[in-house]
Structures are given as structure tokens and as C-alpha cells.
Amino acid sequence: MLAALAQHRIATTGQLCQMLRPGGARQLLSRVLNRLRSEGFVDCLGLPHANRSRIKAWYLTQEGSRLTRDLPMLRGRPPYSLASPAAASLKIPHTLAVLRAHLAFAADARLRGHEHGPWDWTPEVTHNLGEGERLIADALMHYTLTRPDGGRTKLRAFIEVDRSTMSSERMASKLIEYARFRLYQPALIGRRKPVPSLDGPVWMRWYPVFPRVLFILTNASRRMLANRTADLRSMAEVHPAVAELARHVPLGAAVLEDLEEHGPTAAVWTPLTGDAAQRPWSDL
């Protein structure tokens, strides 16, 4: 439980149940969470719900974060905790939306015999872009497709979850950051310009192929979400660096509620270049 909260930052009781005990009763998780809270390892905030009940959103305290620091599944991840309920309340809407996206992929993977679990989704992955700038992806997803013949295909994707809280142009400009990251090579000390090396761009240090980029949209009318998808396609068409990215990296956008209703492998993804016919994310 502590490891799941360390990995995913904030989660409701229901989301933790979907993640750790899919199909199981929530009572056991509630007892565990309440015990961890009484011992000072986790805390929670009550969220309003349509039926006037209170949904609890859980997060690690500093003491809980300290306990998870050396867990094998979190190796290489910096400790994470929220200093106060006020800090947690600011992050809750976006963090829970990102986790909803993961749970949609995880449920679909279980249904289809693919591999995608709680540790295959890493929120807030950061990469340098040089000159003090950084690319921060909402999440990095690892997903393994299992074919009927027993073969396996490993896929990776940078995930951007858009709750329609920023302008459409600013949202679409995130594609420029990914285009920059694909080409970025740091300059050698003492030189003003980057010097090509045998190692290639820095992304090759972490990924065998550049991950696809998936935008997941929510929190607006269907018309507005369609317009935001159109703006993403426009950016991929008119910006030279993004157009070059699109020639080598699959790019797509989908509505979060469609992922939850139909599954990510359904034809709910709009490619950001070429034919706009919707398709599964793995076919972008």
C-alpha cells in the first residue's frame, strides 16, 4: 500500500482497490489505510461526491515516504511526500486523473492477457532539455502486448493528461518539448555547441526506441475536446520540429472517458498526423 502511494502520489480508496485488489472488496484496504493513518504513515482528504458521501484521497506523509525509500520496486525514484493537506488539495484533481488513465490501461491489459501493472506507470518523469529547461511528462508507461503465438511486444509511451485547465495552444506546445527532447544532445564542457557523439541523443540512455506520445483529454464538452485534438493535429502539421517528430514517433489523442468505457485498445485514438480515423493506441 505504501509503495503504491509512493509510486502514484495520491489515490482514492477505490482506485487503490482497482490497482491492488481488482474485483476484491474494499473493506480490507480501508482497514489497512486507517491503521497506516493512525501510525502516521499516510493521511487523507475528503472529496465531495455527487451522492453527498465523502471519498477519501490518500497520500504519504514524510514518515511514510521515508519507509518506502529503499523498496525494490521504487529503486531510482526520489522519495515523495506532501507537506500538508493544503499541498495535497492543489494536486488532487490532476493526479487522480492521471491515475484514472493508468487504471484504464491496467484493466484492459488484464482483460486481454497483456502485461501492465502498478509499477509499469511512472508519474512525473523528467528529462533535461538544456539551458536549464526540462521536459516533465505526466507519466511514462511501459506496456507489453502478448500475441496469440506467445510472442511479446514491448511498448512505451509518454502520457500527457489534459484537464482543459490551460489554453489549447499551450497544451499543444508540449509537442515542441518532445520534439526538442528527441534531438537534444548536451554540449561538451568548454564547447559552445553540442558535438555529436557515438552515444547519440540523450534519450537513448533510457529508451531503446523513442516512446510514443499520447494525449488523454478530459474535463470539457465533447466539442471542446474535439477542438483541442484538432489543435494538436495542427501543431504536428505546421511546426517543422513537431512534424519531424511525427515522422518517427507515433502520436495520438483520446478522451479519458472513452478509455474507461471502451478500453485503450478500442478504436478511440485519433492520430495527430495523416488519416484522422480513430484506431487502437498500439496501431498509431
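What follows is a conversation about how some descriptions of this predicted model are reached.

Colleague: Why is L16 called buried?

Modeller: The place of L16 is in helix α2, and its relative accessibility is 0%; since buried means under 20%, L16 counts as buried.

Colleague: Which residues touch L16, leaving aside those up to four places away in sequence?

Modeller: L16 touches M1, A4, L5, A11, R21, L29, L33 and W58. Two of these names return in helix α3, where the buried residues are L29, L33 and L36.

Colleague: How do you know that the buried residues of α3 line one face of the helix?

Modeller: Seen down the axis of α3, the buried residues fall within an arc of 65 degrees, and therefore they line one face. On the other side of α3, the residues Q27, R31, R35 and S38 are exposed, a word that stands for over 50% relative accessible area.

Colleague: What do the buried residues of α3 pack against?

Modeller: They pack against α1 (2–8), α2, β2 (42–48) and β3 (54–60), where packing rests on contact, that is, heavy atoms within 4.5 Å.

Colleague: What makes the span of α3 close to the expected one?

Modeller: Helix α3, residues 27–38, has 12 residues and reaches 17 Å from its first C-alpha to its last, which is set against the 16 Å expected at 1.5 Å a residue. Just after α3, G40 takes a positive phi of about 85 degrees.

Colleague: Why is α2 called roughly parallel to α5?

Modeller: Helix α2 (residues 13–20) and helix α5 (residues 85–112) pack at an angle of about 30 degrees, with their axes 10 Å apart. Angles under 35 degrees count as roughly parallel, and therefore α2 is described as roughly parallel to α5. The crossing of these two helices is left-handed, and the contact is made by Q15, Q18 and M19 of α2 together with L96, L99, R100, H102, L103 and R110 of α5.

Colleague: How do you know that α8 has its buried residues along one face?

Modeller: In α8, the residues L225, R228, T229, L232, M235 and A236 are buried, and, seen down the helix axis, the buried residues fall within an arc of 115 degrees, so they line one face. An α-helix has 3.6 residues a turn, so residues three or four places apart point the same way. The face of α8 turned away from the buried side carries the exposed residues R223, E237 and V238.

Colleague: How far does α8 reach from its first C-alpha to its last?

Modeller: Helix α8, residues 222–238, has 17 residues and reaches 24 Å, close to the 24 Å expected at 1.5 Å a residue.

Note on methods
Residues are numbered from 1 along each chain as its sequence is written. This is a predicted model: local features need pLDDT of at least 70, side-chain atom pairs count only at pLDDT 80 or more; totals for chains, interfaces and linings use all residues. Side-chain values use heavy atoms; hydrogens and water are left out. Helices (H or I, at least four residues) and strands (E, at least two) are DSSP runs, numbered from the N terminus. The expected span of a helix is 1.5 Å times one less than its number of residues. Buried means under 20% relative accessible area, exposed over 50%, partly exposed in between (1.4 Å probe, protein chains only). The arc is that of the directions from the helix axis to the C-beta atoms. Axes are lines fitted to C-alpha atoms, for helices over the stretch in contact, and angles run from 0 to 180 degrees between N-to-C directions. Angles under 35 degrees count as roughly parallel, over 145 as roughly antiparallel, 65 to 115 as roughly perpendicular and the rest as oblique. A crossing is left-handed if the near helix is turned anticlockwise from the far one by less than a right angle, and right-handed if clockwise.
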